[in-house]
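Subject: Structure handover

Hello,

Here is the structure for you to look through. Please open it first, then read my notes below.

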Amino acid sequence: MGNITTVDFINPGGLEPIGQNLYLPTGASGDPNEGVPGLDGFGQIRQSTLESSNVNVTEELVNMIEAQRVYEMNSKVISSVDKMMSFANQQL
């Protein structure tokens with residue numbers, strides 16, 4: 001019927017992203033090397049599998065909570081300084 005081939009680059013970081021998980025080769029990426037999946041380091045193709053995310057959800061949630069707490073603390077500090085300045089202005 002046919003074969004699915006994969007392509008490798010000398011410098012994958014040099015590829016130009018064009019959106020929707022598509023890339024174009026550039027001078028920095030080098031010429032594409034086409035090969036058969038599973039041979040010569042070209043990776044494998046597996047049916048009925050999903051690509052896993054490289055995001056650690058727990059770590060990102062903790063980072064978001066930390067950022068929210070820092071924002072809350074800074075907001076309270078600004079509010080307290082504003083009240084102190086208002087008190088000082090009224091007394092003087």
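In which strand is the place of Leu24? Leu24 sits in strand E3, residues 22-24. Helices (H or I, at least four residues) and strands (E, at least two) are DSSP runs, numbered from the N terminus.

Two points on the source before going on. This is a predicted model, where local features need pLDDT of at least 70, side-chain atom pairs count only at pLDDT 80 or more, and totals for chains, interfaces and linings use all residues. Residues are numbered from 1 along each chain as its sequence is written, and side-chain values use heavy atoms, with hydrogens and water left out.

**The hairpin**

Strand E2 covers residues 16-19. E2 pairs with E3 in the antiparallel sense, over three bridges. (Two strands pair if DSSP finds at least two bridges between them.) Glu16 stands opposite Leu24. E2 and E3 form a hairpin, with two residues between them. Gln20 lies in the turn and has a positive phi of about 55°.

**The nonpolar patch**

Leu24 also belongs to a nonpolar patch on the surface, together with Ile18 and Leu22. Their accessible area together is about 260 Å². Such areas come from the Shrake-Rupley method with a 1.4 Å probe; for residues, only the protein chains shown count as cover. Patches are made of residues with over 30% relative accessible area and no salt bridge: like charges are joined within 9 Å, nonpolar side chains (Val, Leu, Ile, Met, Phe, Trp, Tyr) within 5 Å. Leu24 has a relative accessible area of 38%, so it is partly exposed. Here buried means under 20% relative accessible area, exposed over 50%, and partly exposed in between (1.4 Å probe, protein chains only).

**The loops**

Pro25 is in the loop between E3 and strand E4 (33-35). Pro25 is partly exposed, at 45%. What separates Pro25 from Met73 in sequence and in space? They are 48 residues apart in sequence and 47 Å apart in space, C-alpha to C-alpha.

The loop between E4 and H1 holds Asp40. Ser48 is found in that loop too. Asp40 has a positive phi of about 55°, although it is not a glycine. Phi of Ser48 is positive as well, near 65°. Asp40 counts as exposed at 75% relative accessibility, and Ser48 counts as exposed at 73%.

**The helix and its salt bridge**

How many salt bridges does the count give? The count comes to one. A salt bridge is a side-chain nitrogen of Lys or Arg within 4 Å of a carboxyl oxygen of Asp or Glu. Lys76 forms it with Glu72, and the closest N and O atoms are 3.5 Å apart. Side chains of opposite charge can pair when their charged atoms come close. Both residues are in helix H1 (residues 57-91); they are four residues apart, so about one helical turn separates them. Glu72 is partly exposed, with 37% relative accessible area.

**The domains**

The domain assignment, which is automatic or from a database, gives domain 1 (1-44) and domain 2 (54-91). Their C-alpha centres lie 46 Å apart. Over residues 46-90 the chain is 76% helix and 0% strand. The end C-alpha atoms of that stretch are 73 Å apart.

Best wishes
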